[in-house]
Every structure is written in C-alpha cells, then in structure tokens.
Amino acid sequence: MELKASGISDEVWAEHVRALENREPFLDFTFKRSGPDGDKWLSTSGVPIINADGEFQGYRGIGRDQTAQIESKERASLLSNVVNSVDDAISIFDQEDRLAYYNDAYATLSAGMEDALTLGLSDAIGGYHMGITAENVAE
C-alpha cells in the first residue's frame, strides 16, 4: 500500500516515488506528517545501500524537523501580504539604521531610488525614514 506524504503536490510526490523505485539518492525531500503530537514538517535525504552482490538493501540517510523554519516562513509571508495590502508606505529600520523591510507602497514612493532599496543598506534614501527607529518605537 502506497502512502502519499501530505503538504506536497502530486508532481513532487510522483518524482520522489520515481526516485525511490529507481533506487536513486534523494535530497531534502520535505513533507508534512500528522501525528499525536500535531503536524510536523520533515525533511529527509538518503542514498541507496547496495550489498556486495549488487542487491538493494534500503536507504541510509538523515531526517530533520523543519517545522519551526517552515512555520516562520509562512508567518513572514502572511505578514508581508498584509503589509503590502496597505496603501501607506511602510519601511522598517533596525538599530543600526539599516533598511530591514519595506512594502510595495514604499517602493513606489521611492521610484528612481531603487539602489537605496537594498535590505541591510545603512542610511537608505539619504537617511530619510520619518525618524522612526527601533529605539523610539520601543519608547
């Protein structure tokens, strides 16, 4: 009985099954597993093990829990979508006054200054960012 991993497309699953049937190595196959402790995102990699007689013995590999990383990316994507839905220009600068984030409206407002819209760039757009920094947001 074949069990399809969840959280992946039929095409990705079919490619993984094909690799397994052909006894090929696989790298970072990521899928969702549901269990008594909730949903987990796992990533596995493996290489086929062949004995001295040339017979396939199974796979040797490693698996990692990627749940925190994937959930973090999903939250960041959601936040980005929400912030980009706002018509107001939004930019965030870190404690060293480096550009950490900006939305689409900010990019539009900054047309012609695309070189300054580099994340991590200090003093972006000539130092103009409405005076909002991490220090005065915390106050």
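Is Ser6 buried, partly exposed or exposed? The model is a predicted one, in which local features need pLDDT of at least 70 and side-chain atom pairs count only at pLDDT 80 or more, while totals for chains, interfaces and linings use all residues. Residues are numbered from 1 along each chain as its sequence is written, and side-chain values use heavy atoms, with hydrogens and water left out.

Ser6 is partly exposed, because its relative accessible area is 30%; buried means under 20% relative accessible area, exposed means over 50%, and partly exposed lies in between, with a 1.4 Å probe and protein chains only. Ser6 belongs to the segment before H1. Helices (H or I, at least four residues) and strands (E, at least two) are DSSP runs, numbered from the N terminus. Leaving aside residues up to four places away in sequence, Ser6 touches Phe31, Lys32 and Arg33, where contact means heavy atoms within 4.5 Å. Between Ser6 and Arg33 there are 6.6 Å in space from C-alpha to C-alpha, although the two are 27 residues apart in sequence.

Ile8 has contacts with Trp13, Phe29, Thr30 and Phe31, again not counting residues up to four places away in sequence. Ile8 is also part of the largest nonpolar core, whose seven residues are Ala5, Ile8, Trp13, Val17, Phe26, Phe29 and Phe31. A nonpolar core is a set of buried Ala, Val, Leu, Ile, Met, Phe, Trp, Tyr and Cys residues joined through side-chain atoms within 4.5 Å. Helix H1 (10–21) and strand E1 (26–35) are the elements that give two or more residues to this core, and E1 supplies the largest share, three residues. In soluble globular proteins, nonpolar side chains tend to be buried together.

E1 also takes part in an open sheet of three strands, with the order E1-E2-E3 and antiparallel pairing; two strands pair if DSSP finds at least two bridges between them. E1 and strand E3 (56–65) each have a single partner strand and stand at the edges, so one side of each is left without a neighbour in the sheet. On average, neighbouring strands of this sheet are turned by 35° against each other, direction ignored. Axes are lines fitted to C-alpha atoms, for helices over the stretch in contact, and angles run from 0 to 180 degrees between N-to-C directions. H1 packs on the sheet and touches E1 and E3, its direction making about 120° with that of E1. Helix H2 (residues 67–84) packs on the sheet as well, touching E1, E2 and E3, and its direction makes about 125° with that of E2.

Strand E2 (residues 38–50) and E3 pair in the antiparallel sense over nine bridges. Ser45 stands opposite Ile62 in E3, and Pro48 stands opposite Tyr59 in E3. The hairpin of E2 and E3 has five residues between the strands, and Gly54 takes a positive phi near 80° there. One of the ten residues of E3 is buried, so this strand lies largely in the open.

The chain contains four helices and five strands, following the pattern α-β-β-β-α-β-β-α-α along the sequence. Of its 139 residues, 22% are buried.
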